[in-house]
Structure formats: C-alpha cells, structure tokens
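Subject: Model for your review

Hello,

Here is the structure I promised. Please open it alongside this note; my findings follow below.

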Amino acid sequence: MSFKDSFDQMITDIEKLVEYDADEGYLKADKIGETIAKQAGIPGRDLNVIFNYISGGRTLNRYIKDRKMMATYKMMIKDEDYDIQSYLDCSGFEVESSFSRVFSEKFGVPPTTAHKQRDETKIEGPITIDKIINGSDLPKGIDDKPRKVFGLPKDMVDRYNDICDYQALFGFKDQYVELAVYLNEERGVSLYDAFSSVESLVTDYEDVASRDTLESLLFYVDKVVPALYVKHLYKKTCLPELNEWYFHMKDEGGNLLEETPEFVYAYFDDTSNGFTYAKLKSLYTDYLKRCEEAKEKRRTNEEKNKADRENQIVELKKLMVFLEKHRSKLEKREDYQEKYKENVEKRIDDTKRRIYILENSIDIEESGDDFKDYLQTVQMYGSIEAYEDFMDEVQKDYEETGNFLELPAEKEKRLEHVLEDTFWADYDEKHFRNM
C-alpha cells in the first residue's frame with residue numbers, strides 16, 4: 001500500500017471512530033489516537049510528530065477533536081430537538097460551558113443558534129493528501145520549510161525531544177504532559193513554565209490524581225484551580241495561595257486571569273488596605289494613563305532630554321550636597337534613628353542612582369512597585385492631585401530661597417515634613433529644574 005493510500009485509510013478510520021459505536025458509544029480523542037497508532041503499528045508520539053509535519057502544524061489529537069466537533073455539528077443540524085447531552089458525549093466535553101465556548105469559536109455561533117440555523121455550508125470534509133499538496137489544508141502563515149532531519153522539520157524534532165526531556169525530568173504521566181503541552185500551545189506559556197505549573201498542580205492538589213485524561217484535567221482546572229493558567233506569571237506565589245486570590249477577587253467582581261501581576265500584587269498588598277476592588281481598579285486605570293502620558297512625553301522630549309542631561313546632573317549633585325548637609329543636622333537629633341534615618345538614606349541613595357543613570361545614559365527600568373508607590377501617595381495625600389499641589393508648594397519654597405544651603409528655619413521645617421513621610425515620590429526634573 002502506498003503512503004498516500006495509508007494516509008487516506010487512516011483518515012477514513014478516524015471518520016468512522018468519531019461516530020457512535022453500538023458497543024463502546026463515543027470514544028474519547030486519546031482513545032481514538034491509540035487505536036489509530038496501534039493499527040498503523042507506530043508509537044503514538046511518533047505518529048503524532050509525523051501527522052503534525054504532514055498536516056502543516058496540526059497535532060493528531062487536535063485533528064481528532066476537530067473531527068469529533070464536526071460530527072457533533074452534523075448531528076446537531078439534523079436533530080429535531082436540541083439534545084445537549086448527546087452533543088457533549090459526541091464532542092468529548094464534560095462541561096456545557098466549555099463545549100459552547102469551543103463550538104462558538106469554531107462555527108461562529110452558539111450551539112443553540114447553530115441548531116436553529118441548520119447551515120450545511122459550515123460542514124467541512126476530512127483532510128486529504130491532495131488538499132495538503134494544493135495548500136488548501138495548510139494553516140495560514142506556513143510558507144518556508146525549516147531544515148529537516150530524517151524528513152521532518154528540525155524545529156519539530158527539537159520540540160518533540162524537549163517535551164520528552166521535560167517528561168523525564170518531571171516524571172509526569174501522559175495526561176500531565178498533555179496538560180503542559182495544552183498550556184504551551186493554547187495559553188502561550190513556555191514549555192518549561194508549563195511543566196513547572198503542572199508540577200505545582202500535581203504537588204499541591206492530591207485529588208487531581210484521579211483525572212486520567214486531558215479533558216477531565218481541564219474540567220478540574222476550570223472548576224477548582226483556574227489560577228493554574230497564570231501561575232507562570234507569579235513564580236514566587238504558591239498555587240494554592242494564588243488560587244485563593246482568584247476566588248477572592250472573583251467575589252469582588254474581578255478576574256485575576258485578566259489582570260496584570262502588578263495590579264494583583266498591589267490588590268493583595270497592605271498598600272491597598274481601605275480600597276475596594278472598584279476603587280483600586282479606577283486608580284489603576286488612572287495610573288496606567290499617567291504612565292502612558294509620561295512615556296509619550298519622554299518620547300517627545302527625547303532630544304531635549306539629551307541636551308539637558310548635564311544640567312540635570314549638576315542640579316542633582318547640588319541636591320546631593322544639600323541632602324548630606326541636612327542629614328548631618330538631623331543626625332544630632334535624638335529621634336533621628338526612628339524618625340528620619342530610613343527615609344533620608346533612601347533619598348540620598350535614590351539621588352545617587354539618578355546621577356549614575358544620567359551619567360551613564362541608562363534608561364530607568366520599571367521596578368514593578370510603581371503602582372504600590374502610587375497607592376501610598378494616594379493614601380497619604382488623599383489624591384495624586386493633592387500630592388502634586390503639595391510638591392509645587394515645596395518647589396516654590398526652594399525657588400524663593402535661591403540657595404539650597406541656606407534655607408530659612410521655617411523652610412527647613414517644611415522639608416523635614418517631606419523627609420519623615422513614609423513615601424516621597426521619585427525626583428522629577430521639573431521639581432528641581434531651577435535649584
């Protein structure tokens with residue numbers, strides 16, 4: 001039998017196996033894959049690699065699931081009555097919501113609508129060698145063929161080997177490997193992070209051991225541990241704690257899966273005490289807007305900033321002299337250690353850092369704590385606008401003296417108030433332009 005005939009026979013067998021069997025009912029996708037591999041006399045993983053290459057990027061398991069969904073669609077548009085349980089059995093899904101989501105993504109309408117429309121034009125036939133050769137069955141974007149090893153693309157062989165290596169490293173059963181590959185392919189998680197996330201699931205949730213198929217694992221994750229989908233973004237947070245955050249935020253009307261780690265960490269940090277989720281979300285929106293405006297301003301003024309660099313260095317060094325002199329005065333006070341030292345030293349270190357950045361033309365990197373600082377400012381001053389008004393007043397005090405080393409006593413007292421605050425925003429060039 002030629003290769004073409006063998007391939008066509010395999011596709012024909014799949015079409016038969018996705019239909020209802022009087023003895024075994026509807027077979028799961030992985031069971032169909034095992035049957036096909038056994039008939040072909042090829043190990044399942046090897047057959048999957050070969051099919052992936054021949055079909056232009058689709059895995060055998062994904063293709064079988066697609067054909068099961070197509071068989072479900074053909075059944076649905078013929079049925080007089082809408083029978084959701086039959087459709088779940090045929091497609092291999094256990095949860096109606098998951099079935100409806102995948103069905104809608106594939107056919108463009110919800111199942112109930114498809115049943116009413118009975119649109120036969122959406123029925124697609126099985127893959128064929130002829131279609132592959134003509135290119136009509138190749139996914140868009142697949143043009144250039146990478147270098148091959150024994151007839152297979154090198155990157156595909158490398159990926160297959162990586163998956164096998166990770167399976168050996170983590171000691172996973174096949175269903176856990178499938179879950180990790182799902183996280184990689186469907187959720188965009190790197191292979192290593194995907195395997196690490198699944199390891200957290202297996203380690204921290206003992207009852208997951210009873211799930212022996214990918215479908216049952218996904219059902220479990222969706223219902224019990226949805227935070228698994230973003231565990232790779234929170235490497236320092238254990239999965240159970242992250243999952244608690246998910247349900248806590250859900251009760252407040254939020255969705256941890258859709259939030260940035262910066263917002264989530266701030267939400268569960270002490271800095272957000274006293275803020276409701278809605279208020280915090282509003283503040284975060286304002287924070288992001290201000291960040292974008294600041295970035296745009298930096299882009300617009302890039303050339304001007306370069307020309308001002310030396311002047312800024314001079315100004316910051318003047319400030320450095322003043323801060324060190326002010327520290328010398330404060331050190332003589334009995335309450336210096338507990339009231340001033342931490343913040344004075346922080347301001348001096350920050351100024352040194354800014355001088356170093358300017359002298360070495362280094363862009364300021366995001367620290368990941370900027371939103372927390374923003375919240376601290378809001379808590380201390382009531383609003384960002386109130387803080388900006390206060391800093392403008394302090395700037396006016398500076399401008400009136402004309403000499404940072406000779407501030408009047410009442411002006412120094414005003415500066416001390418800023419220094420003893422638990423938060424003092426990063427120095428902005430505009431506050432010290434005319435020092």
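Contact here means heavy atoms within 4.5 Å. Helices (H or I, at least four residues) and strands (E, at least two) are DSSP runs, numbered from the N terminus.

Two notes on the source. This is a predicted model: local features need pLDDT of at least 70, side-chain atom pairs count only at pLDDT 80 or more, and totals for chains, interfaces and linings use all residues. Residues are numbered from 1 along each chain as its sequence is written, and side-chain values use heavy atoms, with hydrogens and water left out.

**Overall**

The protein has 21 helices and 2 strands. Of its 435 residues, 41% are buried. Buried means under 20% relative accessible area, exposed means over 50%, and partly exposed lies in between (1.4 Å probe, protein chains only). Among contacts with a separation of 6 or more, 62% join residues 24 or more positions apart.

**α15 and α19**

Two packed helices are described by the angle between their axes and the distance between the axes. Axes are lines fitted to C-alpha atoms, for helices over the stretch in contact, and angles run from 0 to 180 degrees between N-to-C directions. Helix α15 (residues 277-300) packs on helix α19 (residues 370-381) at about 115°, with the axes 11 Å apart. Their crossing is right-handed. A crossing is right-handed if the near helix is turned clockwise from the far one by less than a right angle, and left-handed if anticlockwise.

From α15, Leu-280, Leu-283, Tyr-284, Asp-286, Tyr-287 and Arg-290 take part. They meet Asp-370, Phe-371, Tyr-374, Leu-375 and Val-378 of α19. The residues of this contact divide into 8 nonpolar, no polar and 3 charged. Ala, Val, Leu, Ile, Met, Phe, Trp, Tyr, Cys and Pro count as nonpolar, Asp, Glu, Lys and Arg as charged, and the others, Gly among them, as polar.

**α10 and α11**

Helix α10 (residues 174-187) and helix α11 (residues 191-204) have axes that come within 8 Å and cross at roughly 130°. That makes α10 oblique to α11. Angles under 35 degrees count as roughly parallel, over 145 as roughly antiparallel, 65 to 115 as roughly perpendicular, and the rest as oblique. This crossing, too, is right-handed.

Tyr-176, Val-177, Leu-179, Ala-180, Leu-183 and Asn-184 of α10 meet Leu-191, Ala-194, Phe-195, Ser-197, Val-198, Leu-201 and Val-202 of α11. That contact holds 11 nonpolar residues, 2 polar and no charged.

Asn-184 is buried, at 16% relative accessibility. Leaving out residues up to four places away in sequence, Asn-184 touches Arg-159, Val-189, Ser-190, Leu-191 and Ala-194.

The expected span is 1.5 Å times one less than the number of residues. In α4, 14 of the 19 residues are buried, so this helix is largely enclosed by the rest of the structure.

Helix α18 (residues 341-359) also reaches 27 Å, close to the 27 Å expected. Its buried residues include Arg-347, Asp-350 and Arg-354.

**Two arginines**

Arg-118 sits in the loop between α7 (111-117) and α8 (129-134). Its phi is positive, about 55°, although Arg-118 is not a glycine. Most residues other than glycine have a negative phi. Arg-118 is partly exposed, with a relative accessible area of 31%.

Arg-101 lies in helix α6 (residues 96-107). At 40% relative accessibility, Arg-101 is partly exposed. Its C-alpha atom is 9.2 Å from that of Pro-111, 10 residues away along the chain.

Best regards
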